[in-house]
Amino acid sequence: MPRQKASNSSPAVVPERASRARQRQRLIDACISALHIHGPSRTTVEKVVALADMSPGIVRFYFDSKDAMLVASLAYLATEFEERVMTPVSQLKDTPVKALEQLVELYLDPDIASPRKVSVWYSFWGEASSRQEYLDICGKKDEDFAALVHDLIERVIARTGQSHLDADGVALGLIGVLEVLWQGIAFTTEVEIDRLAAKRRSFAYLRSVFPGEFGAVASSEPRGPARDPVRPGSGGSHIPAWAFSDSALLTLERDRLFRPSWQLVGHEADIPDVGDYLTADLAGERGLVVRASQNRVLAFRNSCRKRPHALLMERSGHLSAAIECGAHELVYGLDGKLRSGATPGDLTPLELALPGRFILIRALAAKSADPASTALLEIAGAPSGDWESLPELKPAGSGEITVAADWKLMVEQWLEALARPTGVRRTFLAPNQLLEVSSAEALVLQVLPESAGRCRIRRLDYSVATAARRKLQGSRRANATSIGRTPAWLQQDIEVAESMQTGLEAGMEAAENTGPVSTQLQDFRSAIASLAALAHGVK
């Protein structure tokens, strides 16, 4: 009788393995973001670890090379698609109409078909140097997906008795519809995607082939587990645990909170000369700010008019006289006007404000078809705050930190502890930004959602300009600054938020009555609760 092999794992080993798995996944998530921004050929280890806030050396511990990391990221997306789309649809083959309904719902789900993820699929396919990797990883899965759709269409044909229909042609048509919709998702921002309209178009195609079928699904909402209701609480609205990892809610947040809000890109001191520019990827909107003349700063969407890749990849730089897309031979002036190229249209402008010489942008014409969300959407006029009293600043660095927690948890940490030491002025800029100013320096933090339950913090450091500092210092020697270092309070906020995310995902609910809260925190929770109610109603 063979002896059972004794396990050599101890309780301490399991958390270590889990930690390694989380670190590897953190690198893959950052790599997917880098691929979305830069494409395979321009994605580097340095760019990935900057997004992941990890050291370059750790990449070698998990991947043999940069190419191995890129391939692992594509393989992760392919496996995710198989497990979350193909497997559940295959299980419904005996009810083919329901299976096709589920296929459309899952194929267009915001967590599967996000611009960030879909653009990675197309970037691998589009770059000749990466096409073989795509075929090696996805070729068989593409064939299996086509075979699954064909099988379901054949079953519907048999069920409806429409033997005159060609299953190959109908299946190819449905795949084509879904593919075109994915291309639209890849070439736009999350806030511009109308997923309900996309589903209606898919079901309209199926109804045109199979009259009488797929009728009610076109206006139905995604299926999902039962959600805890949004309830009023003593400290503002109660936000249920599911709201911190819900893709549908994140879509609404990007549309109703981020898109119409002012987002800080930098400071005029970052772009002192004509042709200097700044870029920022801000929760679904890519921004490009250019000093077009000595007294004129302009903001545009940082996107090629022909294909939605970023025109400028670096965080900052200098343009001699034009904004160019070398891939498609398009040339725009510093004013965004098309100078030459076959694709018509100027660069899409963004709204710009310069309070206290800080540069803030937002999308133009932020409107919604949903009148119930008007109060959340329309943020009129200039950014609020006491901007003019800010000291003269000069840039001192920037960086990003990846956080394994929902962006809302970081905001709650900030709003629960707005008080700071004497001499430090802290201002919260709704819905996601924190500005700290002292006599020596200024720190800007932006928390931006990456996916449901995950976010990144964008950090901008500034020092008070020398002349202004002399006046403030007098005869005193300036205190040592914390520029470039992660403040202990921020590190603690991140650790608490990540721990809370783990608890919420494990099913632990936060207490509803936690005592009095600040007006800003109550307003924030009320805004999120309103959107959660909409998302819950959608579901």
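This briefing covers a loop residue, a helix, a strand residue and a pocket in one structure. The model is predicted, so local features require pLDDT of at least 70 and side-chain atom pairs count only at pLDDT 80 or more, whereas totals for chains, interfaces and linings use all residues. Residues are numbered from 1 along each chain as its sequence is written, and side-chain values use heavy atoms, with hydrogens and water left out. Helices (H or I, at least four residues) and strands (E, at least two) are DSSP runs, numbered from the N terminus.

**Helix 9**

- Helix 9 comprises 15 residues, 195-209, and reaches 22 Å from its first C-alpha to its last, close to the 21 Å expected at 1.5 Å a residue; the expected span is 1.5 Å times one less than the number of residues.
- The buried residues of helix 9 are R195, A198, K199, S202, F203, Y205, L206 and V209, where buried means under 20% relative accessible area, exposed over 50% and partly exposed in between (1.4 Å probe, protein chains only).
- The exposed residues R201 and S208 are carried by the face of helix 9 turned away from its buried side.
- At the start of helix 9, a side-chain oxygen of D194 comes to within 3.4 Å of the backbone nitrogen of L196.

**Q162**

- Q162 lies in the loop between helix 7 (128-160) and helix 8 (167-186), and is buried, with a relative accessible area of 16%.
- The side chain of Q162 reaches the backbone oxygen of V209 at 3.3 Å.
- Not counting residues up to four places away in sequence, Q162 touches I157, V209, F210 and P211, contact meaning heavy atoms within 4.5 Å.

**H267**

- H267 belongs to strand 3 (residues 263-267) and counts as buried at 1% relative accessibility.
- Leaving aside residues up to four places away in sequence, H267 touches L278, G356, R357, F358, I359, L393 and Y462.

**Second largest pocket**

- The second largest pocket has a volume of about 830 Å³, a volume being the space filled by probe spheres set on the grid points, which are joined across faces, edges and corners.
- A pocket is an open set of points on a 1 Å grid over the protein atoms alone, where a 1.4 Å probe fits, with protein on both sides within 12 Å along at least five of seven lines; lining residues have an atom within 4 Å of a point.
- Of the 30 residues lining the second largest pocket, R22, Q25, D29, A404 and R454 lie nearest its centre.
- Helix 1 gives the most to this lining, with eight residues.

Note on methods:
A polar contact is a pair of N or O atoms within 3.5 Å; within protein, one must be able to donate a hydrogen and the other to accept it, and residues adjacent in sequence count only if both atoms are side-chain atoms.
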